[in-house]
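This report describes selected features of one protein model, moving from a sheet and its helices to a pocket and a single side chain. Please keep the sequence and the structure in view while reading.

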Amino acid sequence: MAHALRLAARGLNTAQPNPMVGCVLVRDGNVVGEGWHELAGEPHAEINAIAAAGEKAKGATAYVTLEPCAHHGKTPPCSAALVKAGVAEVVVALADPNPAVNGAGLKALTKAGIRCRTGLMQEEAEALNNGFIKRMTHGMPFVRLKIAASLDGGTAMSNGESQWITGPEARADVQRLRARSGAIMTGVGTVLADDPSLTVRDNTINTGGKQPLRVVLDTGLRTPSSAKMLAEAGNTLVYFSHGGKSDALVAAGAEVVRVDAFDQHVDAAAVLLDLAAREVNDVLVEAGPALAGNLVARELVDELVIYQSPHIMGSETQGMFTTPTWTQLADRKALHITDVRRVGADTRITANLAG
């Protein structure tokens with residue numbers, strides 16, 4: 001199963017919006033076939049493993065990281081393929097949270113006389129597909145907030161200058177975060193200040209030829225039609241809540257979406273709900289302190305990734321978060337740090353909001 005999970009992870013940048021799945025077929029103690037879900041719309045892991053095994057699949061045990069599907073989507077059901085191949089047993093790490101599956105695959109296999117076991121390395125399987133699982137169970141994507149800051153917490157000078165706080169290795173690491181995300185979200189302030197592209201620019205990263213959705217939270221439609229991201233391949237969504245003209249943005253290639261306001265600004269929760277409805281599993285937020293603070297204060301962030309550079313930028317800087325007025329220690333947000341490592345000269349801290 002550990003090998004199946006490693007295989008599944010190969011679909012990190014290409015399987016979305018589908019989950020990452022790996023499958024290993026074992027007979028008489030030997031691996032006779034293996035596969036993973038390589039690209040959305042193409043054969044699933046079980047199909048690839050069966051094809052690799054050929055006749056040796058008969059009587060084998062299939063180790064699968066996610067319950068085989070039992071419904072017809074873009075591809076035929078994998079449970080039926082396993083039955084047809086004649087496997088004797090199926091060991092599943094995680095039951096599929098998709099309501100269209102959710103036990104139906106295991107039921108079909110059991111009905112066909114195939115032994116089934118579940119729960120082997122379940123926690124590892126859940127961590128691999130936390131975005132897909134959250135979308136299926138809560139109707140929201142997994143939100144990852146990325147911040148680049150100095151040792152004293154500066155994210156930009158008072159005049160907005162911020163390129164570059166971190167080194168080339170950290171910036172390359174961010175490209176990998178972008179590649180695994182279904183959408184990259186920012187605020188209109190960042191668009192006006194930095195005019196970012198919000199694309200995966202590292203050609204060595206396999207994205208299956210796709211770019212993440214670019215998402216701008218823009219309360220009053222201040223995004224210029226000349227914004228660099230509008231000229232990039234892929235789709236740009238501009239969410240607004242108040243009056244404004246969108247004709248120029250639409251003509252430039254943006255999709256403009258109106259949502260409700262929260263505290264006089266675009267409701268970030270409404271945006272996330274809409275992105276989940278568009279089958280986005282993971283959202284990477286690259287934004288200024290206002291949007292970052294709003295997301296943290298409302299507990300809409302699942303994971304923070306902070307790249308901390310060994311520099312001191314001084315007191316005339318912008319901070320990481322603009323939050324509501326917190327006057328007591330009880331107001332603070334506790335973090336649970338899950339990983340700390342060096343990335344070039346910088347330190348990458350990965351953390352979850354505690355609780």
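## A strand pair at the sheet edge

Asp339 has Thr350, a residue of E18, as its bridge partner, in a model that is predicted. The two strands concerned, E17 and E18 (residues 346–353), pair in the antiparallel sense, and eight bridges join them.

## The nine-stranded sheet

The pair belongs to an open sheet of nine strands with mixed pairing, ordered E11-E10-E9-E8-E14-E6-E15-E18-E17. Strand E11 (254–258) and strand E17 (335–343) stand at the edges; each has a single partner strand, so one side of each is left without a neighbour in the sheet. From one strand to the next, the twist averages 20 degrees.

## Helices on the sheet

Helix H10 (residues 268–277) packs on the sheet, where it touches strand E6 (142–150), strand E8 (183–187), strand E9 (213–217), strand E10 (236–240) and strand E14 (282–285), and its direction makes about 160 degrees with that of E9. Helix H11 (residues 289–297) lies across E6, E8, E9, E14 and E18, and runs at about 110 degrees to E8.

After H6 comes Gly139, whose phi is positive, near 70 degrees.

## The second largest pocket

H6 also takes part in the second largest pocket, giving three residues to its lining, the largest share. The volume of this pocket is about 570 Å³, and 30 residues line it, among which Asn18, Pro19, His44, His71 and Asn98 lie nearest its centre. The elements that give two or more residues to the lining are helix H2 (45–53) and H6.

## The setting of Thr65

Thr65 is placed in the loop between strand E3 (61–64) and helix H3 (78–85). Its relative accessibility is 3%, and because buried means under 20%, Thr65 counts as buried.

A polar atom of the Thr65 side chain lies 3.0 Å from the backbone nitrogen of Gly22.

Note on methods
Residues numbered from 1 in each chain as written. Predicted model: local features only at pLDDT ≥ 70, side-chain atom pairs only at ≥ 80, totals over all residues. Heavy atoms only, no water. Helix = DSSP H or I, 4+ residues; strand = E, 2+ residues; numbered from the N terminus. Buried < 20%, exposed > 50% of the residue type's maximum accessible area, 1.4 Å probe, protein only. Polar contact = N/O pair within 3.5 Å; in protein donor to acceptor, adjacent residues only side chain to side chain. Pairing = 2+ DSSP bridges. Axes fitted to C-alpha atoms, helices over the stretch in contact; angles between N-to-C directions. Contact = heavy atoms within 4.5 Å. 1 Å grid on protein atoms, 1.4 Å probe; cavity = no way out; pocket = protein on both sides within 12 Å on 5 of 7 lines; lining within 4 Å. Points joined across faces, edges and corners; volume = space filled by probe spheres on them.
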